[in-house]
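Please consider the following structure. A short exchange on selected local features is requested.

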Amino acid sequence: MLVKTYGSAVMGVHAVTIVLEVDVNNQGNPGSIIVGLPDNAVKESMQRVESAIKSNGYKMPRTRVVVNMAPADIRKSGTAFDLPMAIGLLGATEQLQNSDAFKDYIIMGELSLDGEVRPIKGALPMAIQARKEGYKGLIVPKQNAREAAIVNNVEVYGVQHINEVVDLLEGVNTIPATVVDTRDEFYHSQYHFDVDFTDVKGQENIKRALEIAAAGGHNAILIGPPGAGKTMLAKRLPTILPPLTLQEALETTKIHSVAGKLPENATLISKRPFRSPHHTVSDAALVGGGGNPQPGEISLAHNGVLFLDELPEFKRSALEVMRQPMEERRVTISRAKVALDFPASFMLVASMNPCPCGYYNHPEKECSCPPGAVQKYLNKISGPLLDRIDLHVEVTPVPFSELSAASTAENSAQIRDRVMKARDIQSERYKENEGIYCNAQINTTLLHQHCALNNISANLLKIAMEKLNLSARAYDRILKVSRTIADLAGSEDIRPEHVAEAIQYRSLDREGWAG
């Protein structure tokens, strides 16, 4: 007998419905075969399926079993096809009578040898595709049910054992569908952070720079000696960014679902992600890739912050492959038979010591590096990458008097309010320009249109570029940052004081900075 069950394969951040055709017949040699481009994990599934079926009192056919996974030209990978395959076998051998119910459900799950259903990756994109194609429901492991239940208008059943799936399809024992109040849970946890800017003593100039970065979506690099607070400040940046919209949260959750990074029983990601890969990260781990392409750190940081601590220690090749995704805000992973797009719209925040010993320009400690070492250390970061970083911020150690002071610093909520007002101004300004939401994203045409300087401001910028030997690439960056500073001040025009503040954030562009 031939029956069909329906599963789902994840391609990039989207899902494709897979039809599993299970045929049991007496023709040919006994045994089982799986066709339709399965990988090794799928080929091995028949051993898990056989054990799970026998362990629960069902019979494994001793005739020829053929499982075809269509479309046959898409590579099937992973262990999540165990459950639909087992249900198909029970239907084809008439041990499960109501095989007509199979057409209503997408069924996915990994089986243990005793029939227990284990969690899978990518339940959210599977649920989105199931709703799109009009399926009645989705049967997934219980640990993935809340994640899939984010999607409305499709019933999601979380199961723990193969017997529960059989009972559900036979109508013997109805499992309640998982229901999640997405909006309530999402808005309830948006502002709950473990860290806050009020923890940071002193460093008011750095907080100001990060406020500007958050308001305009600018990339930033923090340069300072060890222990000055670079990492502490960077970790608090997500607390002052505008909260995620529901659409952004859905995009972010899809990426984490595909990568298998969502915790058990998770729903929508409600806070902007903060990713901090170690400097030994490989190229594929940073931007995505692998034999079966998976999202990398830059995609996991989508709609959030990517923090690269000790930037010069990263492999040059890993940093160079980031350049194109930073411009296009997505990364394309190409293979012989498939090209997958992963979103990668993130804010880059990097930190570095000013020299190998860490104490160049330190107010109290002496730098012990030999001549030329500072420039050599800085040269580890390529010009094109540095060109994409708008704010260069020098971090100095906090004096003891400020560390021990009892005064309370401004908290993240107060800073976030100012950032959100500036972002609202930018949203209104760029509402006619698709894909542009903040000043950091504007092109040259919009730059000339919205960042015009009066005579005094233009003259100030000209003098600064001549006196400080600023490079030509600093010009556009200064204009963009000036526009953001003006937005924070609620000013329609860019004033001289806005330009003056923006100029000071270009320290690495000054000739002789590391000389």
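This is a predicted model: local features need pLDDT of at least 70, side-chain atom pairs count only at pLDDT 80 or more; totals for chains, interfaces and linings use all residues.

Residues are numbered from 1 along each chain as its sequence is written, and side-chain values use heavy atoms, with hydrogens and water left out.

Me: Against which elements do the buried residues of α2 pack?
Reply: Helices (H or I, at least four residues) and strands (E, at least two) are DSSP runs, numbered from the N terminus. Helix α2 spans residues 45-55, and its buried residues (under 20% relative accessible area, 1.4 Å probe, protein chains only) include Met46, Val49 and Ile53. The elements they pack against, by contact (heavy atoms within 4.5 Å), are β3 (31-35), α1 (40-43), β4 (64-70), α3 (82-92) and β6 (110-111).

Me: Is Thr5 buried or exposed?
Reply: Thr5 belongs to strand β1 (residues 2-11). Not counting residues up to four places away in sequence, Thr5 touches Ile18, Val19, Leu20, Pro84, Ile87, Gly88 and Phe102. Because its relative accessibility is 1%, Thr5 counts as buried.

Me: How many disulfides does a search of the whole structure find?
Reply: A disulfide is a pair of cysteine sulfur atoms within 2.5 Å. The search of the whole structure gives a count of zero.

Me: Which cysteine sulfur is nearest to that of Cys355, and how far away is it?
Reply: Cys355 is buried, with a relative accessible area of 0%. Cys355 is in no disulfide. The nearest cysteine sulfur is that of Cys357, at 3.6 Å.

Note on methods:
Buried means under 20% relative accessible area, exposed over 50%, partly exposed in between (1.4 Å probe, protein chains only).
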